[in-house]
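Please look over the sequence and the model shown here before reading on.

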Amino acid sequence: MTRPDPAAPPAAAPDSTSAAIARTVQHSLEAERRDLPTQAELERRTRELRYREAVDQRWLRLGVGAIVFLLSAGWLAADIVLTLAVGWGQLGGRAFKLDSTVVVAFLTTSTATVIGLFLVFLRWLYPQGAAPPGGA
């Protein structure tokens, strides 16, 4: 006569195990169906995310705008200092002389750069393309 192995788990009835698995799966499916967001909830979340994105973009544009302004103001201040130094013939108490072509080239390129920088920033700040999806 064969003795059962004491270390082996007791044999469960196949019907009770499959029924327990089926009940667990059915319960999980019902829980997932209850947890699905409604269309109104999805729309509310979408509006909230768009609002957050708009606020973040506003702060980003404000920061970049301040940086562009400070950079442009510094550049134009350098133009004024150079112009005055060339006109007076001294800079910081020392003699200062530049060839007129150098002064004209510096003033022309710096003015064009400042105007271009502002145009790039303004086109980013106020895009002229189609409106973003969902309105703004």
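This is a predicted model: local features need pLDDT of at least 70, side-chain atom pairs count only at pLDDT 80 or more; totals for chains, interfaces and linings use all residues.

Residues are numbered from 1 along each chain as its sequence is written, and side-chain values use heavy atoms, with hydrogens and water left out.

The protein chain has 3 helices and 2 strands, where helices (H or I, at least four residues) and strands (E, at least two) are DSSP runs numbered from the N terminus. Along the sequence these elements follow the pattern α-α-β-β-α. Of the 136 residues of the chain, 9% count as buried, a class that means under 20% relative accessible area, with exposed meaning over 50% and partly exposed in between (1.4 Å probe, protein chains only). The protein chain exposes about 11,500 Å², of which carbon and sulfur atoms supply 66%; these accessible areas come from the Shrake-Rupley method with a 1.4 Å probe, and for residues only the protein chains shown count as cover. Among contacts (heavy atoms within 4.5 Å) between residues at least 6 apart in sequence, 67% join residues at least 24 apart.

How do the axes of helix α2 and helix α3 cross? The axes of α2 (residues 39-88) and α3 (residues 100-125) come within 10 Å and cross at roughly 165°, the axes being lines fitted to C-alpha atoms, for helices over the stretch in contact, with angles that run from 0 to 180 degrees between N-to-C directions. The two helices, α2 and α3, are therefore roughly antiparallel to each other, since angles over 145 degrees count as roughly antiparallel, those under 35 as roughly parallel, 65 to 115 as roughly perpendicular and the rest as oblique. The residues of the contact of α2 with α3 divide into 19 nonpolar, 6 polar and 2 charged; Ala, Val, Leu, Ile, Met, Phe, Trp, Tyr, Cys and Pro count as nonpolar, Asp, Glu, Lys and Arg as charged, and the others, Gly among them, as polar.

Ser110, placed in helix α3, counts as buried because its relative accessibility is 1%. Leaving aside residues up to four places away in sequence, Ser110 touches Trp75 and Asp79, and its C-alpha lies 9.3 Å from that of Ala78, which is 32 residues away in sequence.

Phe106 also has its place in helix α3, but at 32% relative accessibility Phe106 counts as partly exposed. With residues up to four places away again not counted, Phe106 touches Ala78, Asp79 and Leu82, and the C-alpha atoms of Phe106 and Asp79, 27 residues apart along the chain, are separated by 8.0 Å.

On helix α2, Leu76 counts as partly exposed at 37% relative accessibility. Leu76 and Leu107 are 31 residues apart in sequence and 9.1 Å apart in space, C-alpha to C-alpha.
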